[in-house]
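Hello,

Here is the structure I promised to pass on to you.

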Amino acid sequence: MLKPNKPALASKAYDVDDFAAAQEFYHANGWTDGLPVVPPTAAAVEAALEWALMPPDQLLGIEPVRAQPIVAEKLAINAVMAGCLPMHFPIVAAAFQAMLRDEFLLHGVTSSTGGAAVLVVINGPVRREIGADATFNALANSDRATAAIGRALRLALINLLDVRPGGIDRTTLGHPGKFSYCLAEDEEDTRWQPLSVMRGIPEGASAVTVMAAMAPRQIMNEWTTEPREILETFAAEMRANQRHYSIYGGNYAIVIAKQLREPIERAGWSKRDIAEFIYERARVRRGEWAEVGKGSIVRDRADKVHTALASPDHLLVIAAGGPAGGFGAVIPPWMGSKTKAVTAAIGACVDCEPPKG
Amino acid sequence: MTIRVFDPTHERKPAGGEPAARPVSLKGKTVGFISNGKEGTKGYFAHLERLLRAELGVADIVWRTKSNYSAPADRAIIDEIKKWQAVVAGVGD
């Protein structure tokens, strides 16, 4: 049977001797993150594009500062290199498109000395289709899908926007999330609304949320079941971040694992309740900077109060983590007031007009 | 058996125009400073202004500050650049 003609890939092709030669070729050209890559063959790249129903030349967006177009073929090549399966590619594409939105300020996020990574949170039915695991080791190598999807975004930044250390990436230190920083939400084991729904995506739709994020700061409180006491520990960690890193407000994410989640849920607290409590508690006086060696910039504004969140809406509450352990994590923003987290549906246009006629 | 693989990069030259002609001398010229607005730039640019005026005879220094230190310079600043003969920009923390 004749197969319909597929549009050919337009990228420059190279013939390499074998798998090992492919590794040396990609490393030598500065096309990797330092780890081995899956050789992006035509079959693998085309399979990724087919899964997402995208022709190779589909324009996914344009990076606004450097006017760099991002086309599906190039993103798919990087996704394959990262170890993505075809079914992962629609998530990679949705996340990258979200990163290209003006409010994300991708150029600032990826070039800054501050050293943010792109945190990706996956919601909806797609999590189960791809085998994402939101429980054990949720913020690290919990499963193949989230590991590869997070890595694909970093490889795409390196290769499509020249975000290489010392190039566009001027990061002073960075953090390990810059290899891959992706997790799914544990929607099955919580009564709370999914993060995506809290951020305007219809219930039942799959979605990604991207946030310019610093390293997770783990908290522990195994000695109470009182929601206010548990959440006070999270708020204290946010205050610490305001004092030691940046005092300015922005999107913070908090990850609440099951042992701490259960008493909060049992007490009837919603994610909104949590956000309102944290909004009130996570704030510092500018004068506190003098206690941590930053007195020179307090000036005459010692009593000015800085909130970690501009409003409760700016807190991203994520249910994830293994079943035992009174742990959670605060994930601070890169530079709060400069960038906003973006949530986008996967493979759907939520705002599209219905077809006419 | 060889493997055919593909270039993962954008395969484009970096976007942007040609660099302007370099001035032979800054004597009597106008130089613009585009600050990213961070605290440390104030002392740096003040010192640089003294050097440019005293040692290179620069006639005028125009100070401008970006509204967002992580974004490109504002349109109004870009439009003003053509009035200057040299610019100092890209100075970070």
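**A strand covered on both faces**

In chain A, both faces of S11(A) are covered, with Leu315(A), Val317(A) and Ala319(A) buried on one side and Leu316(A) and Ile318(A) buried on the other. Side chains in a regular strand alternate between the two faces of the sheet. Strand S11 of chain A spans residues 315-319, and five of its five residues are buried. Please keep in mind that this is a predicted model.

**The four-strand sheet of chain A**

Chain A also has an open sheet of four strands in the order S5-S4-S6-S13, and its pairing is mixed. At its edges are strand S5 (182-184) and strand S13 (342-345) of chain A, each of which pairs on one side only. From one strand to the next, the twist averages 20°.

Strand S4 of chain A (residues 117-123) and S5(A) run parallel and are joined by three bridges. Within that pairing, Val120(A) has Cys182(A) in S5(A) as its bridge partner. Two helices to look at here are H4(A) and H7(A). H4(A) packs on the sheet and touches S4, strand S6 (207-213) and S13 of chain A, its direction making about 50° with that of S6(A). Helix H7 of chain A (residues 144-161) packs on the sheet too, touching S4 and S5 of chain A, and its direction makes about 140° with that of S4(A).

H4(A) is mostly covered, as 10 of its 11 residues are buried. Among them are Pro90(A), Ile91(A), Ala94(A), Ala95(A), Ala98(A) and Met99(A).

How do H3(A) and H4(A) lie, and at what angle do their axes cross? The axes of helix H3 (residues 72-82) of chain A and helix H4 (residues 89-99) of chain A come within 10 Å and cross at roughly 120°. H3(A) and H4(A) are therefore oblique to each other. The crossing in which H3(A) passes H4(A) is right-handed. On the H3(A) side the contact is made by Ala72(A), Leu75(A), Ala76(A) and Ala79(A), and on the H4(A) side by Phe89(A), Val92(A), Ala93(A) and Phe96(A). The residues of this contact are eight nonpolar, no polar and no charged. Of the H4(A) residues in it, Phe89(A), Val92(A), Ala93(A) and Phe96(A) are buried.

Helix H9 (residues 227-244) and helix H10 (residues 258-266) of chain A pack at about 135°, with their axes 9 Å apart. That angle makes H9(A) oblique to H10(A). Here H9(A) passes H10(A) in a left-handed crossing. Pro227(A), Ile230(A), Leu231(A) and Phe234(A) of H9(A) meet Leu260(A), Pro263(A) and Ile264(A) of H10(A). This contact divides into seven nonpolar, no polar and no charged residues.

**And in chain B**

Three strands of chain B form an open sheet in the order S3-S2-S4, with parallel pairing. Strand S3 (60-65) and strand S4 (86-88) of chain B each have a single partner strand, so one side of each lacks a neighbour in the sheet. The twist averages 20° from one strand to the next. Strand S2 of chain B (residues 30-35) and S4(B) run parallel, joined by three bridges; the partner of Gly32(B) in S4(B) is Val87(B).

Best wishes

Technical notes:
Residues numbered from 1 in each chain as written. Chains lettered and ligands numbered in written order. Predicted model: local features only at pLDDT ≥ 70, side-chain atom pairs only at ≥ 80, totals over all residues. Heavy atoms only, no water. Axes fitted to C-alpha atoms, helices over the stretch in contact; angles between N-to-C directions. Parallel < 35°, antiparallel > 145°, perpendicular 65-115°, else oblique. Left-handed = near helix turned anticlockwise from the far one by under 90°. Contact = heavy atoms within 4.5 Å. Nonpolar A, V, L, I, M, F, W, Y, C, P; charged D, E, K, R; others polar. Buried < 20%, exposed > 50% of the residue type's maximum accessible area, 1.4 Å probe, protein only. Pairing = 2+ DSSP bridges.
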